[in-house]
Amino acid sequence: MAKSNPKIPFAPVLHEPVDEEMVPRHNLSEAGIDLEGVRRLSRRFRGFVPGSRMPDLTAVCAVTAPAEADLSAVVAKGVLRLLGQIHCPVRQECARCLVPFDSTLHAEVERQFMPGVDPAEADSQQEMVEEITYLPDFRLSIATVIEEELLLALPMIALCNPDCAGLCPDCGVDRNQESCQCRPAGSDSPFALLKNFNKV
Ligand SMILES: [Zn+2]
Ligand SMILES: [Zn+2]
């Protein structure tokens with residue numbers, strides 16, 4: 001029986017897709033990259049960050065399950081590129097009807113980082129050509145990036161449904177649940193006047 005070549009620990013598997021479930025998932029709370037002296041690097045971060053590690057996010061919405069992330073980091077020519085996706089289930093309060101609703105925040109990450117201090121700060125005349133985040137302490141925290149991206153993924157106005165009818169401004173009933181006699185539906189729309197005009 002032939003012994004396997006110790007130089008090749010396992011034969012490359014061709015024509016078979018990578019089983020994503022076989023890529024280990026880690027708690028990324030403390031994950032990061034130390035760029036001190038690093039010239040080349042390629043690393044994948046696949047895992048989760050609990051809401052307790054994202055205080056700025058939990059200050060504005062309830063994080064109902066850990067954020068899931070799959071990020072690839074590549075360092076070349078002194079620039080760290082981070083690419084991937086982030087998902088996080090959250091509960092927000094609807095801005096119109098004030099009812100809490102569940103949704104999932106999604107973020108497509110495409111960021112560039114460089115160690116050091118932003119040269120634009122030292123020389124205010126200099127225009128930044130590309131969006132680069134500078135890392136004065138030479139360290140990139142994956143959880144910090146995940147939280148930043150999720151904050152950016154939050155909607156400007158949280159709505160339970162784009163068609164949410166909201167609360168009646170007069171009696172306060174939830175107009176998604178019941179109707180009231182305060183004023184005809186749609187009377188606060190700028191087109192309501194036109195509708196009446198056509199009837200004349
Ligand atoms: Zn609503
Ligand atoms: Zn009413």
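Biologist: In which sense do strand E4 (residues 62-63) and strand E6 (residues 79-93) pair?
Modeller: This is a predicted model, in which local features need pLDDT of at least 70 and side-chain atom pairs count only at pLDDT 80 or more, while totals for chains, interfaces and linings use all residues. Residues are numbered from 1 along each chain as its sequence is written, and chains are lettered from A and ligands numbered from 1 in the order in which they are written. Strands (E, at least two residues) and helices (H or I, at least four) are DSSP runs numbered from the N terminus, and two strands pair if DSSP finds at least two bridges between them. Val 63 has Val 90 in E6 as its bridge partner, and the two bridges between E4 and E6 are antiparallel.

Biologist: How many bridges join strand E5 (residues 67-76) to E6?
Modeller: E5 and E6 form a hairpin with two residues between them, and Lys 77 in the turn has a positive phi of about 50 degrees. Val 75 stands opposite Leu 80 in E6. The strands run antiparallel, and the bridges joining them number nine.

Biologist: Which residue in E7 is the bridge partner of His 87?
Modeller: E6 pairs with strand E7 (residues 100-115) in the antiparallel sense over 14 bridges. Six residues lie between them in a hairpin, where Leu 98 in the turn has a positive phi of about 65 degrees. Across this pairing, the partner of His 87 is His 106.

Biologist: What distance does helix H3 (residues 142-153) reach from its first C-alpha to its last?
Modeller: The expected span of a helix is 1.5 Å times one less than its number of residues. H3 has twelve residues, and the distance reached, close to the expected value, is 16 Å.
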